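Good morning, colleagues. Please have the sequence and the model open before you.

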Amino acid sequence: MSKLWGGRFEGSTDEFAEGFQSSIGFDCRMYREDILGSIAHARMLGKQGIIPKEDADKIIEGLKGILADIDAGKVDFSVHDEDIHMNVERLLTERIGDVGKKLHTGRSRNDQVATDFRLYMRRVTGETVQNLMALCNVLIDIAEDHTDTVMSAYTHLQKAQPTTLAHYMMAYFEMYYRDVLRFLDCSKRTNILPLGSGALCATTYPLDREAVAEELKMDGITRNSLDGVSDRDFALEYLSAASICMMHLSRLCEEIILFSTNEFGTLRLSDAYSTGSSIMPQKKNPDMAELIRGKTGRVYGDLMGLLTVMKGLPLAYNKDMQEDKEGVFDAVDTLNACVRVMCGMLSTAEWKKDKLRAGAGLGFTNATDAADYFVKRGMAFRDAHEVVGRLVLYCEQHGKAIDELSLEEIRQCAPEAGEDIFEAISLETCVNTRSVPGGPAPEAVQVHIRQAKLLLGEL
């Protein structure tokens with residue numbers, strides 16, 4: 001089969017080398033973007049009089065037919081035509097004859113693939129945003145049901161202070177909401193048209209690049225043709241945002257795994273998102289959470305792979321850049337799958353309220369509030385800190401919690417203590433009095449939830 005670029009060559013490509021350099025096996029997923037970009041380009045060529053309008057119309061109809069047939073699964077792509085762009089052009093010429101050869105007027109595969117890739121990334125970024133917004137809504141739903149569910153918050157994986165499950169879930173909402181904003185911001189720089197950059201130094205034809213951008217609903221055109229064909233920052237930005245998002249998913253998975261252990265016992269995963277053991281009948285493993293945690297490294301690798309490909313490339317296009325897509329496609333598929341699984345896993349999980357409350361009563365999570373109690377009675381904070389530290393040491397020596405001590409025991413370390421100290425250091429008081437914006441008090445979290453709903457509604 002003759003190559004569409006074969007006029008300069010006398011010999012044929014080595015068969016193994018042909019398969020080695022072909023990208024149709026993975027870039028075929030951009031067929032829709034390639035055809036829509038070609039339709040816009042052909043329409044512009046006709047309007048500009050670069051090719052006869054009737055030829056442009058014939059090309060457009062031929063491309064629409066190819067799109068319909070690919071959608072219907074009626075097209076087999078050929079490795080001999082290397083990539084999706086040349087496969088579509090070959091099909092077009094076979095169907096409408098020599099008129100199809102006019103489609104490539106005024107463009108190169110370099111600016112064509114850059115356009116296709118940007119259109120594809122625009123679409124999948126939108127899908128990622130929708131998946132993340134669904135996850136944000138799951139977190140809000142859980143928070144609304146648990147504004148009074150007291151649990152322990154941790155630092156250094158040691159019990160620190162009491163909070164609520166709602167407050168905890170809304171912390172993850174903030175992470176995923178920032179991820180949404182990162183992807184939306186990335187999409188702004190993605191949605192720029194490079195078509196018209198040619199191979200690297202534009203073209204002598206009077207192209208109307210703005211008209212093509214408008215038809216493709218892109219926000220503008222690239223300002224430099226060298227950069228237009230060699231820029232892959234938009235793909236790197238997606239990979240970067242995806243890596244950060246996977247890190248957030250992995251952090252939550254780590255805690256889901258911990259909370260579902262017998263040692264914590266505060267979370268029960270649905271059977272739909274758990275697996276068993278081939279040898280141990282009692283096991284219920286959090287495999288979905290573990291897989292998401294593991295796949296985080298995979299997405300990090302996709303980012304590092306493309307950064308490494310791009311780091312030493314001279315302007316403009318180089319064949320190395322064909323390596324831009326497989327890693328990005330992998331990251332897109334992996335991230336979207338992980339977010340969808342996380343939505344299902346969280347929405348079907350059962351939180352053990354009683355165990356969460358009981359656990360918060362251990363580990364002296366009310367120690368800071370005890371210190372604040374003495375500060376409010378006139379003691380310097382550092383002195384209060386030392387007093388409560390001695391109380392904690394006494395409790396550890398006698399196997400008690402602070403609120404299990406008698407007033408006489410407390411007064412051995414802190415004569416200033418009154419009967420009201422027990423109310424001041426109850427877990428409910430510890431939570432409810434932290435009502436500053438961003439705090440765990442139910443009214444503060446309810447404000448946060450309302451804000452979160454408004455933020456999602458504005459996107």
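Before the helices themselves, one definition is needed: an axis here is a line fitted to C-alpha atoms, for helices over the stretch in contact, and angles run from 0 to 180 degrees between N-to-C directions. Please bear in mind also that this is a predicted model.

Let us begin with helix packing. Two packed helices are described by the angle between their axes and the distance between the axes. Helix α3, residues 31-47, packs with helix α6, residues 109-145, at an angle of about 120 degrees, and their axes are 9 Å apart. Angles of 65 to 115 degrees would count as roughly perpendicular and those over 145 as roughly antiparallel; α3 and α6 are therefore oblique to each other. Their crossing is right-handed.

Which residues meet there? From α3 come E33, D34 and S38, and from α6 come Q112, D116, L119, Y120 and R123. By class, this contact of α3 with α6 has four charged, two polar and two nonpolar residues.

Is H85 buried or exposed? Its relative accessible area is 3%, so H85 is buried. Setting aside neighbours within four places in sequence, H85 is in contact with D27, M30, D34, R109, Q112, V113 and D116. Among these contacts of H85 are D34, Q112 and D116, residues that also take part in the meeting of α3 and α6.

The last topic is aromatic rings. A search of the whole structure finds 12 aromatic pairs. In one of them, the rings of Y168 and F259 have centres 6.0 Å apart and planes at 55 degrees, so the pair is tilted. This pair links distant parts of the chain, since Y168 lies in helix α7, residues 165-190, and F259 in helix α10, residues 233-259, 91 residues apart. Both Y168 and F259 are buried.

How are the rings of Y172 and Y176 arranged, and what are their distance and angle? Their centres are 6.3 Å apart and their planes at 25 degrees, so the pair is stacked. Y172 and Y176 both lie in helix α7, four residues apart, about one turn of the helix. Y172 is buried, with a relative accessible area of 4%, and Y176 is buried as well, at 0%.

Finally, Y154, Y168, Y172, Y176, F259, F264 and W351 form one aromatic cluster. Thank you for your attention.

Methods:
Residues numbered from 1 in each chain as written. Predicted model: local features only at pLDDT ≥ 70, side-chain atom pairs only at ≥ 80, totals over all residues. Heavy atoms only, no water. Helix = DSSP H or I, 4+ residues; strand = E, 2+ residues; numbered from the N terminus. Parallel < 35°, antiparallel > 145°, perpendicular 65-115°, else oblique. Left-handed = near helix turned anticlockwise from the far one by under 90°. Contact = heavy atoms within 4.5 Å. Nonpolar A, V, L, I, M, F, W, Y, C, P; charged D, E, K, R; others polar. Buried < 20%, exposed > 50% of the residue type's maximum accessible area, 1.4 Å probe, protein only. Phe/Tyr/Trp six-rings, centres within 6.5 Å; stacked < 30°, edge-to-face > 60°.
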